[in-house]
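I opened this notebook to record what I looked up, beginning with the pairing of strands and going on to aromatic rings.

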Amino acid sequence: MAYSRRLILIGFGMSLLVWCFQLSNAVASNVNVMSYGAKPDGKTESTKAFLKAWGVVCGSAAAATMYIPKGRFLLKAVEFRGPCRNRVTVQIDGTLVAPANNYWGLGNSGYWILFVKINRLAVYGGTIDAKGAAFWACKTSGKTCPVGARSLTFNWVNDGIVSGLTSINSQATHLVINSCNNVVVRNVRVIAPDQSPNTDGIHVQGSTGVTITGATLKTGDDCISIGPGTKNLFMKNIKCGPGHGVSIGSLGKDTKEAGVENVTLTNAVLSGSDNGVRIKSWARPSNSFVTNVLFQNIIMSNVKNPIMIDQNYCPNNKGLTYRNIKGTSATPEAITFDCSSTKPCTGIRLQDIKLTYNNKAATSSCKNIRGTEAGLLIPDSCL
């Protein structure tokens with residue numbers, strides 16, 4: 001009888017331990033940064049509090065959320081590093097602000113908010129304000145300046161989401177997707193003055209399976225830039241301008257460099273941008289390449305250089321389709337294909353293009369390019 005009671009007590013104790021363990025995980029599933037000392041006043045530096053909250057969330061056996069409530073939270077350069085034990089969500093209802101009076105400290109780091117080596121990461125909502133004006137002033141003055149900080153970076157993130165985020169006044173690129181797999185970027189807004197240097201909206205590099213939808217991008221550089229090693233990139237419902245358009249490159253900086261393949265941009269509006277859809281490369285030999293690219297269903301509104309390939313020596317460009325691109329050019333020449341004599345652009349297809357300049361047909365120019373055409377073409381094809 002006593003033995004049976006001992007078994008019952010042991011069983012009850014084990015159940016209590018399991019219940020306590022489950023309860024601790026449930027508590028860890030929603031972690032408010034203010035519980036660890038973060039202050040929503042925009043003045044008190046909260047980096048350490050964010051890192052403490054991240055440690056709890058990343059270490060949780062159950063899926064967990066780091067919650068940033070309404071208010072303004074001051075952050076220095078911060079690295080949120082994995083691997084984490086389970087799925088992690090960062091829910092931002094407030095605004096993250098960078099130090100306004102120390103652009104050197106942030107700029108020397110090269111990043112502001114960095115996520116590294118995490119699987120199943122989602123960042124939702126909120127605003128990040130990098131206070132980039134002082135850094136831009138340094139850059140335009142010709143003085144010695146730090147390299148500049150990217151506002152939000154995913155490095156080696158798999159199965160990631162960035163949704164509903166607004167990024168303003170980044171020192172350098174607003175959002176970087178680097179060496180990632182299966183990342184979705186949706187309904188983000190990027191805002192910086194049109195003369196702010198090197199403030200690319202979204203940069204994708206060395207990544208596979210990235211999808212960008214519903215983005216509104218107003219920048220001082222490329223709205224979207226696509227770097228070496230990008231594969232299977234899909235972009236839809238993009239609004240760009242001001243900015244430098246949607247660019248593949250610059251490529252060919254290194255002699256041995258990964259190429260870009262399987263890229264689609266569809267249903268986009270570019271307004272007042274310095275370029276439309278562009279492929280650009282360094283004027284030096286390289287084994288890099290661009291292949292299987294589709295630009296379609298695009299409206300250009302007063303865009304300089306709506307369609308452009310600027311390739312002096314490399315990379316190899318082939319299998320590029322431009323379909324249903326219409327609107328107005330801000331320059332007389334709306335289509336420019338400047339390809340290498342040693343590595344011509346091949347497999348280029350123009351279909352249903354109508355681009356005008358001052359209510360007249362624009363012009364086009366072609367160097368070292370081979371391709372086909374179909375449908376209405378304004379300006380006349382130079383293929």
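**Entry 1: strand pairing.** I looked up strand β6 (residues 88-92) and found that it pairs with β8 in the parallel sense over 4 bridges. This is a predicted model, in which local features need pLDDT of at least 70 and side-chain atom pairs count only at pLDDT 80 or more, while totals for chains, interfaces and linings use all residues. Residues are numbered from 1 along each chain as its sequence is written, and side-chain values use heavy atoms, with hydrogens and water left out. Strands (E, at least two residues) and helices (H or I, at least four) are DSSP runs, numbered from the N terminus. Two strands count as paired if DSSP finds at least two bridges between them. For Val90, I noted Val123 as the bridge partner in β8.

I then took strand β5 (residues 78-81), which runs parallel to β8 and is joined to it by 4 bridges. There, Arg81 has Val116 of β8 as its bridge partner. Strand β10 (residues 150-163) also pairs with β8 in the parallel sense, over 11 bridges. I found Leu121 opposite Gly160 in β10.

**Entry 2: burial of β8.** Buried or exposed, what are most residues of strand β8? I found 10 of the 14 residues of β8 (residues 111-124) buried, so the strand is largely enclosed by the rest of the structure. Buried means under 20% relative accessible area, exposed over 50%, and partly exposed in between (1.4 Å probe, protein chains only).

**Entry 3: aromatic rings.** I searched the whole structure and got 9 aromatic pairs. Rings of Phe, Tyr and Trp (its six-membered ring) pair if their centres lie within 6.5 Å; planes under 30 degrees apart are stacked, over 60 edge-to-face, and the rest tilted. Phe50 and Phe73 have ring centres 5.9 Å apart and planes at 65°, so I logged the pair as edge-to-face. Because Phe50 lies in helix α2 (residues 47-58) and Phe73 in strand β4 (residues 72-74), the pair ties together parts that are 23 residues apart in sequence. Phe50 counts as buried at 1% relative accessibility, and Phe73 counts as buried at 0%.

I next looked up Phe295 and Tyr322, a tilted pair at 5.5 Å centre to centre with 35° between the planes. Phe295 is in strand β23 (residues 289-303) and Tyr322 in strand β25 (residues 316-329), so this pair ties together parts 27 residues apart in sequence. Both Phe295 and Tyr322 are buried.

I also noted a cluster in which ring pairs link Trp54, Phe80, Phe115 and Phe154.
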